[in-house]
Amino acid sequence: MRKILIIAPHIDDEAIGCGGSILKHAALGNLVEILYIFTGSKLEKEVRKREARIACKFMGVNKFYFLKKSKSFEKIELNVIKILRNINPDYIYIPHGKEVDSDHKFVHDLVMGSVWKANGKYFPNIGKRSNIVGVIQYEIHTPILNPNYFEDISNFASKKRELISIYKS
């Protein structure tokens, strides 16, 4: 059994970007958790969180977390490192680094640096070093031009479409 952490810059990006992979991991019996890093108005957040809870149940996600995007990069980085160390996933899925959306790019850059620090000797006061094996990047709106990894989700395509339809807002 593997531990998989999906990190999504917006609530629904996990479904659009790697929903098929999430469904596949859950079907294989892997432990799947999602970290949503988000912004938005209070009303929008509540509606989106409600949809995310339904989507997570549909996907078979074991746990999910909501982290508000902070104005302080250092603060959010420390929170992400703490979460990575607490979960200690084998693999992490994040948006790829060439996504055009600024929130997608921010989360990519934030997590790439945080993984390096979480696996390293940095910040010994915020938990035991993690042992993250790999980071898999997914596309949301901007295609990956030279992918080096493909995951066959053809058996989960129709269920992924159903998953995406959960998000009405």
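Predicted model: local features only at pLDDT ≥ 70, side-chain atom pairs only at ≥ 80, totals over all residues.
View 1. E5 runs parallel to E4, and 5 bridges join the two strands. Find Tyr93 here: its bridge partner in E5 is Ile136. Now follow the chain from strand to strand. E4, helix H4 (residues 102-119) and E5 form a β-α-β unit, and the unit is right-handed.

**View 2. Five strands form an open sheet.** Read across the sheet and the order is E3-E2-E1-E4-E5. The pairing is parallel. Strand E3 (63-68) and strand E5 (134-138) are the edge strands, and each of them pairs on one side only. On average, neighbouring strands of this sheet are turned by 20° against each other, direction ignored.

**View 3. Strands E1 and E2 pair side by side, and helix H3 packs on the sheet.** E1 covers residues 3-8, and E2 covers residues 31-38. Their pairing is parallel and extends over 6 bridges. Look for Ile7: Leu35 in E2 stands opposite. Helix H3 (residues 73-87) touches E1, E2, E3 and strand E4 (91-95). The direction of H3 makes about 170° with that of E3.

**View 4. Helix H3 packs against helix H4.** Two numbers describe a pair of packed helices: the angle between their axes and the distance between the axes. For H3 and H4, the angle is about 55° and the axes are 9 Å apart. The two helices are therefore oblique to each other. H3 passes H4 in a right-handed crossing. Which residues meet here? From H3 come Phe73, Ile76, Glu77, Val80, Ile81, Leu84 and Arg85. From H4 come Phe106, Leu110, Ser114, Val115, Lys117 and Ala118.

**View 5. Cys56 sits in helix H2.** This helix spans residues 42-59. Is Cys56 buried or exposed? Cys56 counts as buried, because its relative accessibility is 1% and the cut-off is under 20%. Leaving out residues up to four places away in sequence, Cys56 touches Ile34, Tyr36, Val61 and Phe64. Gly19 is 37 residues from Cys56 in sequence. In space, the two are 10 Å apart, C-alpha to C-alpha.

Methods
Residues numbered from 1 in each chain as written. Heavy atoms only, no water. Pairing = 2+ DSSP bridges. Helix = DSSP H or I, 4+ residues; strand = E, 2+ residues; numbered from the N terminus. Axes fitted to C-alpha atoms, helices over the stretch in contact; angles between N-to-C directions. Contact = heavy atoms within 4.5 Å. Right-handed = clockwise from strand over helix to strand, strands pointing away. Buried < 20%, exposed > 50% of the residue type's maximum accessible area, 1.4 Å probe, protein only. Parallel < 35°, antiparallel > 145°, perpendicular 65-115°, else oblique. Left-handed = near helix turned anticlockwise from the far one by under 90°.
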